[in-house]
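Colleague: Pick one spot in this model and take me through it closely, please. Then show me how it sits in the rest of the chain.

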Amino acid sequence: MIGLLQILGLAESVCLSCGSSFVGKSQGFICDACLESIKPYHPMDYDLKLDYVFSYRIYGLYEGVLKHLIRTIKFQNSKSLALSLGKAIKEHLWEYIEELDPDLITFPPLNLRRFWSRGFNHVEYILKGADVPYMGLFRRIDFSPPLARLNKEKREKAVMGYRIIDSLIDFVEDKKILIVDDLLTTGSTIQRLAYLLMSVGAKEVHAYFIAKD
Ligand SMILES: [Zn+2]
């Protein structure tokens, strides 16, 4: 019922970021005023060195509305909020895409447990919201036995929980690849993925993060 009232634009919600009441047509978590308030953060600190990553760009700091948005998308499983966040960062992300001119754009995979409980990959929906063409390149390896069953060549390509989808390994050769992720914390995920891509002959790997923790 709440969902239907929301679609009709009749349900009142309380914004999880600012606490004000609002009527949300597509989602009832974050108000339009908050959504419209997020801006790229300047000057961003790019001191963190990321191995195998040629360059990276960050939209904002993991605080305030941006933090509420990312947390709400993940914990409330809101596809429409992920699309809204994509729309909000679109201009900044596209500036970087036009500067880089990558051959393909991708995103990290969720582990299977997360994927099943959430039902969708939130970064994929953020990319949809930003009208960015993307391609899923990776799989998570959640269970240990299959790794042992891989031959040596495939095992080398399955670095610490991630692997490139078999049928795409040849495809990434010589490609300039941009990986988009939500959060930069230690950088361990992005470095693993970049290493994987470089080890099968990618030309360059770059990264875009929505927020830095
Ligand atoms: Zn608000």
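**A close look at Thr106**

Modeller: Leaving aside neighbours within four places in sequence, Thr106 is in contact with Leu127, Met135, Gly136, Leu137, Phe138, Ile177, Leu178, Ile179 and Val180 (contact means heavy atoms within 4.5 Å). Keep in mind that this is a predicted model, where local features need pLDDT of at least 70, side-chain atom pairs count only at pLDDT 80 or more, and totals for chains, interfaces and linings use all residues. Residues are numbered from 1 along each chain as its sequence is written, and side-chain values use heavy atoms, with hydrogens and water left out.

Back to our residue: Thr106 belongs to strand 4, residues 104-106 (strands are DSSP runs of E, at least two residues; helices are H or I, at least four; both are numbered from the N terminus). Take Ile179, one of the contacts of Thr106: the two are 73 residues apart in sequence, yet their C-alpha atoms are 4.9 Å apart in space. With a relative accessible area of 0%, Thr106 counts as buried (buried is under 20%, exposed over 50%, partly exposed in between, with a 1.4 Å probe and protein chains only).

Among contacts between residues at least 6 apart in sequence, 70% join residues at least 24 apart. The secondary structure comes to nine helices and nine strands.

Now for a contrast: Trp116 in helix 5 (residues 112-118) is exposed, because its relative accessibility is 64%. Together with Leu112 and Phe115, Trp116 makes a nonpolar surface patch with about 330 Å² of accessible area (areas are Shrake-Rupley with a 1.4 Å probe, and for residues only the protein chains shown count as cover). Patch residues have over 30% relative accessible area and no salt bridge, with nonpolar side chains (Val, Leu, Ile, Met, Phe, Trp, Tyr) joined within 5 Å and like charges within 9 Å; a salt bridge is a Lys or Arg side-chain nitrogen within 4 Å of an Asp or Glu carboxyl oxygen.

Last stop, the metal. The SG atoms of Cys15, Cys18, Cys31 and Cys34 coordinate the zinc ion at 2.3 Å (donors are N, O and S atoms within 2.8 Å of the metal, or 3.2 Å for Na, K and Ca; water is not among the atoms, so sites may look incomplete). Along the chain, the donors follow the spacing C-x2-C-x12-C-x2-C. Cys15 and Cys31 are both buried.
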